[in-house]
Amino acid sequence: MSASADRAGFEEYVAARRRALLRTAYLLTGDHADAEDLVQTALIKVVPHWRKIADDPEPYVRRVLARESVSRWRRRRWREVATEAMPEGASSSGLAEHVVERDAVRQGLLALAPRQRAVVVLRYFDDLTERETADVLGIAVGTVKSQARDALAVLRRRLPSLDALE
């Protein structure tokens, strides 16, 4: 495979999967700008390995996204402070109900530990199996199960209206 074919294949993959990668990254980070940065960083890390993964790049790209998300969280956690309430003057009145629910889910995801968040995003938003999730994160299937169970318990406590999440 030539370098131009590698480049074309990579560009085609990015064009086709960009929205899905951004959605996954957003769910991992909770912020649009951070999600774009995360996808960019992941793609930069993927490029040198493209020739080896070109036949099925999705698992490798997801693994890089999830691991980079955890690494970024570890580097940045001392600078950020989460709050339970919106700042003075902010109000959700007038927002559509689905926007409020979406924000509640986002806040619930952000309340999870990074690995739990990665498990929930990969299992329930990206529809990966337990085995695929374990492979992406480099952990055992049993760890995926326990992390998902614990994460869903936290989400159920924080978001009782989402009891159907399983």
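In this predicted model, helix 1 gives the most to the lining of the largest cavity, with 5 residues. Helix 4, which spans residues 58-76, and helix 1 each supply at least two residues of that lining. The residues that line the largest cavity are Arg 17, Ala 20, Leu 21, Arg 23, Thr 24, Glu 58, Arg 62 and Asp 126, and by class they comprise 2 nonpolar, 1 polar and 5 charged residues. The volume of this cavity is about 30 Å³, and a search of the whole structure with a threshold of 30 Å³ or more finds 1 cavity.

Helix 1 also takes part in a helix pair. Two packed helices are described by the angle between their axes together with the distance between those axes. For helix 1 (residues 3-29) and helix 2 (residues 32-46), the axes come within 8 Å and cross at roughly 135°, which makes helix 1 oblique to helix 2. The crossing in which helix 1 passes helix 2 is right-handed.

Which residues make this contact? On the side of helix 1 they are Phe 10, Val 14, Leu 21, Leu 22, Ala 25, Tyr 26, Leu 28 and Thr 29, while helix 2 contributes His 32, Asp 34, Ala 35, Glu 36, Leu 38, Val 39, Leu 43 and Val 46. Sorted by class, the contact of helix 1 with helix 2 has 12 nonpolar, 2 polar and 2 charged residues. Leu 21 of helix 1 belongs to this contact and is also one of the residues lining the largest cavity.

How values were computed. Residues numbered from 1 in each chain as written. Predicted model: local features only at pLDDT ≥ 70, side-chain atom pairs only at ≥ 80, totals over all residues. Heavy atoms only, no water. Axes fitted to C-alpha atoms, helices over the stretch in contact; angles between N-to-C directions. Helix = DSSP H or I, 4+ residues; strand = E, 2+ residues; numbered from the N terminus. Parallel < 35°, antiparallel > 145°, perpendicular 65-115°, else oblique. Left-handed = near helix turned anticlockwise from the far one by under 90°. Contact = heavy atoms within 4.5 Å. Nonpolar A, V, L, I, M, F, W, Y, C, P; charged D, E, K, R; others polar. 1 Å grid on protein atoms, 1.4 Å probe; cavity = no way out; pocket = protein on both sides within 12 Å on 5 of 7 lines; lining within 4 Å. Points joined across faces, edges and corners; volume = space filled by probe spheres on them.
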